[in-house]
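Visitor: Please put the structure up, and then I will ask about it piece by piece.

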Amino acid sequence: MKQAERERFLISPFFVFFTIHCSQVGIGVLSFQRNLNEKAGHDGWISVIIAGIAAHFLIWMIYKIFQLSGSSEDVTNINIQYFGKWFGNVLNIGFVVYFLLLALIVLRLYIEVIQVSMFPLMGTWQFSLILLLLTYYTVSGGFRVVVGLCVWGVVIPLLTIFPMLFFPLEYAHYRNFLPILDHSVIDIFKGAKEVTVEYLGFEMLLMYYSFVKDGQQSHKWAQWANVFTMFIYLVVIFISTVFYNEEQIKHIIWPTLTLGKIPEIPFIERMEYIIISIYVLVVFPIICLAVWSVTRGLKRIAALKQRVSLPFILIILFIASLFFNKREEIEQLGKIVSTAGFYLLVGYIPALYMYASFMKRFKSKASIE
Amino acid sequence: MSIFSFLFKKNKLEKQTKTLSHLLKSLKQSSDFVHLPFQTNGHYFSIYYFDSLVDPKLLQQHVLCHLQQDLSEHSSLSIHDLQQIIPIQRIEVTADVEMIETKLLKGFAMIQLLDATDRCALINLASENLGLRQNNDSENEFSVVGPKVGFVENIGTNLHLLRRQIVTPNLIFRELTVGSMSKTKVVVAYINGIANDQTIETVIQRVSEIEFDVVFDTSLIDQMISDNSSSPFPSFVSTERIDRVIYALVGGQVAIFADGSPYVITGPSTLFDFFTSPEDYYLPWILGSFFRLIRLFGVMFSILASPIYIAVLTYHYEMIPKDLLGPIIFSRSNVPFPPTLEVLFLEITIELLREAGARLPTKVAQTLGIVGGIVIGQASVEAALTSNILLIIVSLAALASFTTPIFKMSNTIRFIRFPIIFFASFWGGVGIVFAICLLLIHLGKLQSFGNPYFVPLYPLRVKAFADSFIRSPYHLTAKRPSYLRPRTFWRYDPKKAKQKKDIDE
């Protein structure tokens, strides 16, 4: 009976496509070209593909971990199962803190975009407050509502923002790509390391896996989501490579937004205002998903009710968002989060996977003997 | 507290021990309650009835006349013999005081034999249609093509109209009584074998749990059984059109009728149900789809036009191209207000016009339209209270909001424009998207009888798109929408309906 009751809160495997894609493409897509360009120059698109393939492997590993551990719960369970109660909970707290920081950096970065290009005089607290109030309304509706928002966060920007990116092709210099493989393999891999951060977001699957009906069946959708993310990044890097030259891109903080200034129709100019506005729909689901993951994690670790912890988390986020005012501070925070995310991806997940498969083999051997 | 509970208990006790004489005594306080002592051929009767509820013709022709003439043939008379004498169907004989009370109050006459006063016969003499409309031309939900018969205030007529078109024994009416004062007859209608059992159960449970005194209209029931009563969006379609109700029933929904109300509730509803018009199905599918798309566009325009005007003119004037800047400056140069105030002024004017038009008698309302539309509009532009461009935008938005076929939904659209206007005036374009986000989340949270409201968009049901944004040809809509979880899926055989033939065959 409990199973049937729970069914109401689950999402069908298909929706994993939206949650994963939505959490991957965030604020980073506006600005990743600059860092990538520093490392890999016009060969950046190769780095994007390499990082994308790495992300495929990592997603595969996450699903394998859930399969091997035999648990269809979430990562908090698995940590305790493999690392014992004490160390496992330390890792779990690490996860919660990481998701909290993720929500914070996404929130702060987006507010920065708004402040720089739309409302220079408007205080951080206004947008922070309104976004977090909306987050409260969403997350208190449960995971299904959050996923619903993710769907909109994919569909609406895809229909409105994405087509605008193609207008600059009018001024394209396709020779910017040549010569291909101009940079050394090491440079390209360094670039790939920069881009890996942009694929971050699918690790939240570790928290909401138990909310997917027939978890393992969602694997193919997760992989398709990653393919789609890679496609979006490739399109963006392609257009920025042919539109900007290498020197130009170094001086632009948000090259994708600048691309948005190009399209013009008889009654609208400066499309980047529309892009920034609609970008709420890109950013907001990530914040909701991350905040939901935090409250869920706290529930699993400390048996804290989500309704109780949610307001506290939001207040913490609100206060924290007020502390980062200068560009350097925000960049510093961003660096911390992306480093943590990077090591979570290339360190923790493969390690857990190997440990899990080792344990499985060990156990099956023991049972045979 | 204890005193009250004591009183309450006492009340209850009294009710239980009420006898017939008590009842008659209390009813006699009212001057329209008639006691008619009667005597023929040595039989003594008393006839009791409410003068205001009973049809005098029925009483004279079918009861009094037959009692006077035919009684002589019966030498000994028991109360059960009345059914043979009086030519009226279903004469009930009972000693239940509660039942006697409700039936008397519903327009029954009570006949009591003086020899045996404990049992009485109840005869239905209610004048069903007295003072009620006989027909309804469904002018509030008009369609040019198609039947123009609407439901009326009499529930018997309404059920008759329904059963005439759904000729199947599976059409089930379940009768309930709602309202402690009005004792309104409420009927839940569904088609057995199509409608989902769980939905039916939910509906009946919710309707029977209603605690209220007088049910004026189904819209009261609508509010009391809705899943989220603090939402501006209506949870259920309420319509006066027969074809709409039949379409809903055939699709697997449930309909709720109430006596005294020409509007019928159908549910579980989705957002798109409110934007479909029966005419979509009477026109060829291409035209039907086109008009439906126009309607949906109208809704979007109506909600977003004036907020976008505010956002662009207050914060994002860079977005206006050079060619357009000239006319805007020209029309706005004399306006002393910021765009927000300008829009609010005009929007509220339009709302006033609408509200006044709805409240005034029809003939006066026509004049009002002219006064409002031409005089106020033109004068406010000339007085430099608003700009010409805004006048066009706001009146177009008002026009677009009238395209919604269901009145409740068009009210909602009228309302939700205002929060978005405020969002836009505070945070510009970002504010508008905030508001849209809020709207999307709210719609995603809403439910109608436990069914998701925003289906087929979320949860995504690709197959149900056939009859949402567009109205697909009939061979594609042979299957009932899955989100209603109907018990049988096929409405008709699509292969027969399709019949694709080769060229020249």
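Visitor: Over how many bridges do strand β9 and strand β10 of chain B pair?

Guide: This is a predicted model, in which local features need pLDDT of at least 70 and side-chain atom pairs count only at pLDDT 80 or more, while totals for chains, interfaces and linings use all residues. Residues are numbered from 1 along each chain as its sequence is written, chains are lettered from A and ligands numbered from 1 in the order in which they are written. Helices (H or I, at least four residues) and strands (E, at least two) are DSSP runs, numbered from the N terminus, and two strands pair if DSSP finds at least two bridges between them. Strand β9 (residues 254-258) and strand β10 (residues 264-267) of chain B are antiparallel, and their pairing extends over three bridges.

Visitor: Which residue in β10(B) is the bridge partner of Val254(B)?

Guide: β9(B) and β10(B) make a hairpin with five residues between them, and Gly260(B) in the turn has a positive phi of about 90 degrees. Across this pair, the bridge partner of Val254(B) in β10(B) is Gly267(B).

Visitor: In what order do the strands of the open sheet that contains β10(B) run?

Guide: β10(B) is also joined to β8(B) by three bridges, in the antiparallel sense, with Val237(B) facing Thr266(B) as its bridge partner. The edge strands, each pairing on one side only, are β6 (171-178) and β8 (237-239) of chain B. The five strands of this antiparallel sheet in chain B follow the order β6-β7-β9-β10-β8.

Visitor: What angle does the direction of helix α9 of chain B make with that of β7(B)?

Guide: Contact means that the C-beta atoms of two residues, placed from the backbone, lie within 7 Å. Axes are lines fitted to C-alpha atoms, for helices over the stretch in contact, and angles run from 0 to 180 degrees between N-to-C directions. Helix α9 (residues 242-250) of chain B packs on the sheet and touches β7 (184-191), β8, β9 and β10 of chain B. Its direction and that of β7(B) make an angle of about 55 degrees.

Visitor: Which residue takes a positive phi just after α9(B)?

Guide: Buried residues in α9(B) include Ile242(B), Val245(B), Ile246(B) and Leu249(B). Their cover includes α6 (155-165) and α10 (278-282) of chain B. Just after the helix, a positive phi of about 110 degrees belongs to Gly252(B).

Visitor: Why does Thr349(B) count as partly exposed?

Guide: Thr349(B) belongs to helix α13 (residues 339-359) of chain B. Thr349(B) is partly exposed because the number of other C-beta atoms within 10 Å is 18.

Visitor: How many residues of chain A are in contact with chain B?

Guide: On chain A, α6 (124-139), α7 (143-164), α13 (272-278) and α14 (280-302) each supply at least two residues of the side that touches chain B. The predictor gives the complex an ipTM of 0.91 and a pTM of 0.88. On chain B the contact involves 19 residues, and on chain A 25 residues.

Conventions: Buried ≥ 20, exposed ≤ 12 C-beta atoms within 10 Å, placed from the backbone.
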